[in-house]
Amino acid sequence: MLPFARVTILGLGLIGSSIARGIRQHMPSVRVTGYDADPSVRATAVAIDLCDDVADSAGTSVIDADLVILCVPVGAMGAAAADIAADLPADAIVSDVGSSKGSVIEAVRAALPDATFIPAHPVAGTENSGPTAGFASLFHHRWCIITPPEGSDSLAVERVSEFWRRLGATVDTMEPGHHDRVLAVTSHLPHLIAYTIVGTASDLEEVTQSEVIKYSAGGFRDFTRIAASDPTMWRDIFLSNREAVLDMLQRFTEDLTALQRAIRWGKGDELFELFSRTRAIRRSIIDQGQDDARPDFGRSHE
Ligand SMILES: NC(=O)c1ccc[n+]([C@@H]2O[C@H](COP(=O)([O-])OP(=O)(O)OC[C@H]3O[C@@H](n4cnc5c(N)ncnc54)[C@H](O)[C@@H]3O)[C@@H](O)[C@H]2O)c1
Ligand SMILES: O=C(O)C(=O)C[C@]1(C(=O)O)C=C[C@@H](O)C=C1
């Protein structure tokens with residue numbers, strides 16, 4: 001049986017529009033209503049026939065929903081939740097897709113103290129944003145981490161889990177604080193490094209000038225893809241997951257300093273040992289089939 005019959009998506013950008021497309025593909029009988037605070041996004045959603053209905057206000061979009069998914073930047077989750085407070089049906093489940101969980105749970109709970117809120121994070125995305133950037137297969141073979149706060153209704157957790165499985169994801173559950181520490185190192189820190197390295201290269205104009213663009217087919221190109229990610233989304237992630245990110249950044253800075261010392265003193269064995277260890281990690285990811293299954297990932301959606 002389908003876990004939900006009427007789904008409302010608030011925020012019709014990359015993730016919201018991918019969910020809408022995924023529902024069309026995998027659960028075609030489910031009715032999808034969308035809403036976005038930006039009128040031009042709503043107009044695009046209508047033009048590309050993204051949802052069954054695009055509402056004019058957040059309140060009207062949720063009136064008969066049995067699942068409401070907040071797909072807005074993490075810093076806007078509280079405001080989006082407050083906008084639906086007066087119209088949310090008592091038996092609806094509210095979920096979200098935010099990249100950090102602790103602060104989102106706090107903000108949504110404050111706005112919707114009586115709602116059943118089951119937070120989720122699909123660990124899948126691209127550097128692109130907006131309603132035309134989404135695609136139905138985004139979640140295929142990717143993790144979706146559900147982070148139910150203590151005391152969550154287990155049937156509600158199972159319904160949200162089943163929803164994500166039907167979109168093609170593999171579901172895991174995690175305590176919200178643990179999620180935020182894990183993602184700080186696997187997702188947030190890599191983005192911070194990419195933003196930094198591309199910024200540093202562009203600041204070094206006397207060295208780079210046009211060369212940054214000219215020779216960017218190598219390793220630098222991969223960093224520029226990540227560094228093209230949405231500024232609003234990532235500003236909000238770093239501010240909302242501040243403590244975990246600062247903690248991981250401290251560890252990273254110490255390791256970088258050790259590498260700097262190894263290079264300065266010509267300690268080739270130290271460099272070789274680290275690079276061999278990291279190569280083995282990459283190979284084990286591929287052996288376990290955890291690398292992205294889509295051969296064109298990150299290329300055809302540019
Ligand atoms: N992009 C990724 O790779 C990725 C992956 C997983 C999770 N996420 C999370 O998903 C969420 C959405 O990210 P995205 O990439 O889809 O962003 P996006 O910029 O493509 O879309 C966000 C949309 O939310 C709308 N919006 C903002 N405030 C709103 C409000 N108060 N009410 C209604 N609509 C509002 C914006 O107009 C925009 O259209 C974020 O919380 C992000 O952390 C992103
Ligand atoms: O592949 C990318 O472009 C992404 O940045 C996706 C990515 C990630 O770091 O893996 C980014 C943020 C999300 O919360 C989940 C996925």
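This is a predicted model: local features need pLDDT of at least 70, side-chain atom pairs count only at pLDDT 80 or more; totals for chains, interfaces and linings use all residues.
H4 spans residues 77-84 and H5 residues 102-111, helices being DSSP runs of H or I with at least four residues, numbered from the N terminus. Their axes are 8 Å apart and form an angle of about 20°; axes are lines fitted to C-alpha atoms over the stretch in contact, with angles from 0 to 180 degrees between N-to-C directions. The two helices are therefore roughly parallel to each other (angle under 35 degrees). Met77, Gly78, Ala81 and Ala82 of H4 meet Val104, Ala107, Val108, Ala110 and Ala111 of H5, where contact requires C-beta atoms, placed from the backbone, within 7 Å. This contact comprises eight nonpolar residues, one polar and no charged (nonpolar: Ala, Val, Leu, Ile, Met, Phe, Trp, Tyr, Cys and Pro; charged: Asp, Glu, Lys and Arg; polar: the others, Gly among them).

Residues are numbered from 1 along each chain as written, and chains are lettered from A and ligands numbered from 1 in the order written. Local features need pLDDT of at least 70 and side-chain atom pairs pLDDT 80 or more, whereas totals for chains, interfaces and linings use all residues.

Domain 1 covers 6-174 and domain 2 covers 178-265, with bounds from an automatic or database domain assignment. Their C-alpha centres lie 29 Å apart. Domain 1 contributes 14 residues to the contact and domain 2 contributes 17. The side of domain 1 that touches domain 2 has four nonpolar, eight polar and two charged residues.

Methods
Two residues are in contact if their C-beta atoms, placed from the backbone, lie within 7 Å. Angles under 35 degrees count as roughly parallel, over 145 as roughly antiparallel, 65 to 115 as roughly perpendicular and the rest as oblique.
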